[in-house]
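This report walks through one structure for a reader who is meeting it for the first time. Please keep the sequence and the 3D view at hand while reading.

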Amino acid sequence: MLDLKDISITFNAHTVNERKALSHLNLHLDDGDFVTVIGSNGAGKSTLLNVIAGTYEPDEGSIFIDGQDMTFTKEHKRANVIGHLFQDPMKGTAPNMTIEENLGLAYCRASGHGPLSLGIRKKEREFFYETLKALNLGLEDRMKTEVGLLSGGQRQALTLLMATIVTPKLLLLDEHTAALDPKTSEKVMTITNDIIAEHHITTLMITHNISNALEYGNKTLVMNDGQIAFILEGEERKNMTVEKLISLYSSKTENEFSDRMILE
Ligand SMILES: Nc1ncnc2c1ncn2[C@@H]1O[C@H](COP(=O)(O)OP(=O)(O)OP(=O)(O)O)[C@@H](O)[C@H]1O
């Protein structure tokens, strides 16, 4: 489904701030894979997602989605098939527009249904109502509420819905629950897991929470220094504990996870 072939990217090349963020990275994801991504600070996790999304063009290598070479496809064109969520709940929604208008925008953009100026029709309103209801946050009764008035958790759940209202080929989640309080984070994570399972969405999810990384998804990709250190799957992953993973990481990479990852 997703193939990354020999991807490298260096920021600020030939300056004192030169930083090789990804180095000859290869990755293959099968259809429906839900891969959690962890690694120390600066390992290249966000850069990996940004390169897949088209935010950055790699210096070397190729990106294929469903066999199609997307390496030089612009970010806004890739957005038709890739959903990308960030840590900041303020990103990804328009605060001065209502919930319904935001969903309308996302729906039109992803489905190619023509501009929002045509108005949201009854059929779409009903679809949005039902989709919001499934979140179990009461947002279906607040469709005329401006998004800027929502809490961080509600907003992040809405952003997730917008990214998946037309099922994307690939979903990229960059610590999308990290800015939420623990209870809300758990709720948004449950919603995330349900949406991914229901629509069978191929997903890469960066998390700093090691137990979440082992609990959710079917594979865990561990990054270090711009490369994939190792991938856990199958029995090995099933039998993995947080403690074992911390020691495996330091033995394989001679590096440590950050305190934030270990303490949480
Ligand atoms: N736009 C950029 N310009 C310059 N350097 C960058 C840029 N983006 C990332 N880097 C550098 O590339 C390296 C990898 O960064 P990246 O954000 O991908 O790491 P990460 O694994 O997501 O880290 P963290 O867990 O701290 O968010 C870091 O050294 C970072 O400083």
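## A pair of strands in the sheet

V37 stands opposite I206, which belongs to β8. The strands concerned are β3, residues 34–39, and β8, residues 202–206, and they pair in the parallel sense over 4 bridges. The model is a predicted one, and this should be kept in mind throughout.

Both strands belong to an open sheet of 6 strands, whose order is β6-β7-β8-β3-β9-β10 and whose pairing is mixed. At its edges lie β6 (82–85) and β10 (227–233), each of which pairs on one side only. On average, and with direction ignored, neighbouring strands of this sheet are turned by 15 degrees against each other. In general, the strands of a sheet pair through backbone hydrogen bonds, either parallel or antiparallel.

## Helices against the sheet

Helix α5, made of residues 152–164, lies across β6 and β7 (170–174), and its direction is at about 165 degrees to that of β6.

Helix α6 covers residues 182–199, and its 18 residues reach 26 Å from the first C-alpha to the last, which is close to the 26 Å expected at 1.5 Å a residue. Within α6, the residues K187, V188, M189, I191, T192, I195 and I196 are buried, and the buried residues of this helix pack against β3, α5, β7, β8 and α7 (210–215). An α-helix has 3.6 residues a turn, so residues three or four places apart point the same way. Just after α6, H200 takes a positive phi of about 55 degrees.

## Around the ligand

Which residues surround the ligand? They are F11, N12, R19, A21, G39, N41, G42, A43, G44, K45, S46 and T47. The elements that give two or more residues to this shell are β2 (19–29) and α1 (45–53), and α1 gives the most, with 3 residues. Sorted by class, the shell holds 3 nonpolar, 7 polar and 2 charged residues.

E60 lies in strand β4, which spans residues 60–65.

When residues up to four places away in sequence are not counted, E60 touches D6 and S8. E60 and K5 are 55 residues apart in sequence, while their C-alpha atoms are 8.9 Å apart in space.

Key:
Residues numbered from 1 in each chain as written. Predicted model: local features only at pLDDT ≥ 70, side-chain atom pairs only at ≥ 80, totals over all residues. Near = placed C-beta within 6 Å. Nonpolar A, V, L, I, M, F, W, Y, C, P; charged D, E, K, R; others polar. Pairing = 2+ DSSP bridges. Axes fitted to C-alpha atoms, helices over the stretch in contact; angles between N-to-C directions. Contact = placed C-beta atoms within 7 Å. Expected span 1.5 Å × (residues − 1). Buried ≥ 20, exposed ≤ 12 C-beta atoms within 10 Å, placed from the backbone.
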